[in-house]
Amino acid sequence: MSEDATTGDAPATGVSGRPVDIPYREREQSVTLERMPAHREPVYGTEVEPETELFTINMGPHHPATHGVLRLLLTLEGEVVRSVTPIIGYVHTGIEKSCEDQSYWKVIPFVERMDYLAYYFNALAYCMAIERLLDEEVPPRAQYLRVIHLELNRIASHLFWLGTSALDLGAISLLWYALRDREKILDIFEMSSGQRLHPRYFQVGGVVEDIPPGFEQKVRGFLADMPSRIDQYEAILDRNEILLQRLKHVGQVPLETMLALGVTGPLLRAAGHPWDLRKATPYSSYDHFDFKIPIGTQGDNYDRYRVRMAEMRESLKIVEQALDGLPEGPYITDNRKVALPPRHELATSMEALIHHFKLVTEGFRVPPGETYAAVESPRGELGCFVVADGSAKPARVHMRDPSFVNLQALRHMSEGGLIADLIAAIAMLDPILGGIDR
């Protein structure tokens with residue numbers, strides 16, 4: 001176990017202790033997290049009589065610690081979890097099917113409501129897929145504005161995870177502290193788009209509007225305050241004896257298992273693999289920014305906590321770089337058959353009025369074809385697969401939601417542990433049921 005954070009070329013190791021085969025380019029862009037020493041070794045399991053019978057109970061779907069309407073069929077031996085079977089399908093959104101009955105640009109409000117804590121990522125994955133089908137170029141300013149909102153949204157999502165996870169473990173006060181700072185981000189979103197949640201700010205070809213006066217100053221004020229806030233969170237949690245025993249060496253899953261399950265995001269990086277689409281397949285100008293990929297060494301719940309905390313710090317660095325280098329120019333494509341014309345043109349240009357009317361009533365047509373676009377959401381790889389048939393409505397929209405894929409890991413994280421460890425495992429999994437039951 002490394003006591004000092006490293007950024008060198010030493011290979012990361014999985015839970016088994018064997019080196020993980022990581023390409024050199026990814027190794028030098030990652031950072032291994034420092035682990036605080038445990039005060040004492042945790043105690044596992046409970047004493048059970050040999051003749052104790054197994055019994056089965058339902059946990060959820062209406063349960064405060066399942067982070068949504070998730071039902072778990074548990075087989076218990078005393079307090080020990082012997083098997084976990086997740087049962088989903090209680091949200092009934094039907095978002096993917098509903099998208100087939102909407103024009104392309106009216107699909108955006110639907111997909112934003114899947115992962116309702118990371119709405120900008122849902123919108124970007126969909127918009128990127130349509131832009132590839134249209135072969136539409138996104139202006140550099142729009143790409144930077146997208147990155148600013150994406151990374152602020154990542155911090156907001158991680159703050160909500162931090163507050164609710166701490167609440168699951170008994171640290172009630174941290175929920176209010178995290179929500180306090182999350183509200184500041186929502187104020188910023190309201191300033192740029194007029195909405196705090198589901199803003200529909202991302203549009204095919206760019207963003208809906210340029211940032212208003214005062215936006216940059218408000219974001220820089222948040223960037224100045226947030227590092228000390230993260231320091232305060234860690235001061236509360238990092239040396240808390242109860243939290244350390246609830247998280248350290250609990251829920252360990254080998255890297256090989258995570259890869260076999262298709263798990264991505266903080267869960268995979270906590271196991272030692274620096275896979276991040278922002279580095280592996282850069283999109284929306286992410287290759288212009290300097291940031292590290294935090295990785296763990298043990299693949300336990302404590303590493304999952306530490307990775308997300310470090311990711312918030314890296315997101316702050318990205319936002320600051322994007323503000324410093326924000327290009328001048330248009331914030332959306334000038335193709336009037338794809339993007340709404342500026343409102344001031346409607347009173348003087350008949351062509352602009354016609355384009356506006358056609359887009360609002362019928363939308364734009366997309367050439368036949370299919371494509372897949374993926375982004376790195378707060379929970380992992382969020383992908384959008386779109387099939388176009390030449391009409392103004394998509395023939396098929398399918399999302400690869402990371403919460404759905406990562407839910408497979410819950411069994412490996414919790415079987416053989418205590419019921420209390422299952423609660424911690426769900427918290428560190430950070431599932432969003434809107435994305436699972438899309």
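Predicted model: local features only at pLDDT ≥ 70, side-chain atom pairs only at ≥ 80, totals over all residues.
Residues are numbered from 1 along each chain as its sequence is written, and side-chain values use heavy atoms, with hydrogens and water left out.

Let's start with the helices, which are DSSP runs of H or I, at least four residues, numbered from the N terminus. Two packed helices are described by the angle between their axes and the distance between the axes. The axes here are lines fitted to C-alpha atoms over the stretch in contact, and angles run from 0 to 180 degrees between N-to-C directions.

Find α5, residues 140–168, and α6, residues 173–193. Their axes come within 8 Å and cross at roughly 160°. That makes α5 roughly antiparallel to α6 (angles over 145 degrees count as such, and under 35 as roughly parallel).

Now turn to α7, residues 215–237: α5 packs against α7 at about 30°, with the axes 13 Å apart. So α5 is roughly parallel to α7.

Next, the cores. A nonpolar core is a set of buried Ala, Val, Leu, Ile, Met, Phe, Trp, Tyr and Cys residues joined through side-chain atoms within 4.5 Å, and buried means under 20% relative accessible area with a 1.4 Å probe, protein chains only. The largest has 88 residues, and L152 and F222 are among those with the most contacts inside it. Helix α4, residues 119–134, gives the most to this core, with 13 residues. Apart from it lies another core of 27 residues, including V81 and L410.

Methods: Helix = DSSP H or I, 4+ residues; strand = E, 2+ residues; numbered from the N terminus. Parallel < 35°, antiparallel > 145°, perpendicular 65-115°, else oblique. Buried < 20%, exposed > 50% of the residue type's maximum accessible area, 1.4 Å probe, protein only.
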